[in-house]
Amino acid sequence: MIFKGDNKIEGITTATTIWATASIGMAVGSGYVYFSCWEPLWCLLF
């Protein structure tokens, strides 16, 4: 969840982590194991 209040947004890093983990799992499940090995590096760089 993303919460907003008092000109402060919280929870974005949690949502990003969930999306990144889900995309790695989908890549492995689809057979793109090589791509899933590089994906954490891309997440850290961008």
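Threonine 17 is partly exposed, with a relative accessible area of 47%. On this scale, buried means under 20% relative accessible area, exposed means over 50%, and partly exposed lies in between (1.4 Å probe, protein chains only). Threonine 17 sits in helix H1, which covers residues 12-29. Its C-alpha atom is separated by 9.4 Å from that of cysteine 43, 26 residues apart along the chain.

The model is predicted: local features need pLDDT of at least 70, side-chain atom pairs count only at pLDDT 80 or more, and totals for chains, interfaces and linings use all residues. Residues are numbered from 1 along each chain as its sequence is written, and side-chain values use heavy atoms, with hydrogens and water left out.

**Overall layout and confidence**

The protein has 2 helices and 2 strands, in the order β-β-α-α from the N terminus on. Helices (H or I, at least four residues) and strands (E, at least two) are DSSP runs, numbered from the N terminus. Of the 46 residues in the protein, 9% are buried.

The mean pLDDT of the protein is 80, and 76% of its residues reach 70 or more; pLDDT is the predictor's confidence in each residue, from 0 to 100. Confidence is highest in H1, at a mean of 84, and lowest in strand S1 (residues 3-5), at 65.

**How the two helices pack**

H1 and H2 pack at an angle of about 165°, and their axes are 8 Å apart. Axes are lines fitted to C-alpha atoms, for helices over the stretch in contact, and angles run from 0 to 180 degrees between N-to-C directions. H1 and H2 are therefore roughly antiparallel to each other. The classes are under 35 degrees for roughly parallel, over 145 for roughly antiparallel, 65 to 115 for roughly perpendicular, and oblique for the rest.

On the H1 side, the contact is made by Ala20, Ser23, Ile24, Ala27 and Val28. H2 contributes Val33, Phe35, Ser36, Glu39, Pro40 and Cys43. Contact means heavy atoms within 4.5 Å.

**Residues at the contact**

| Residue | Relative accessible area | Class |
|---|---|---|
| Serine 36 | 8% | buried |
| Glutamate 39 | 9% | buried |
| Isoleucine 24 | 24% | partly exposed |

Serine 36 lies in helix H2, residues 33-45. Leaving out residues up to four places away in sequence, serine 36 touches Ile24, Ala27 and Val28.

Glutamate 39 is also found in helix H2. With residues up to four places away in sequence not counted, glutamate 39 touches Ala20, Ser23, Ile24 and Ala27. The side chains of glutamate 39 and serine 23 are joined by a polar contact of 2.4 Å. A polar contact is a pair of N or O atoms within 3.5 Å; within protein, one must be able to donate a hydrogen and the other to accept it, and residues adjacent in sequence count only if both atoms are side-chain atoms.

Isoleucine 24 belongs to helix H1. Not counting residues up to four places away in sequence, isoleucine 24 touches Ser36, Glu39 and Pro40. The C-alpha atoms of isoleucine 24 and tryptophan 38 are separated by 9.5 Å, with the two residues 14 residues apart along the chain.
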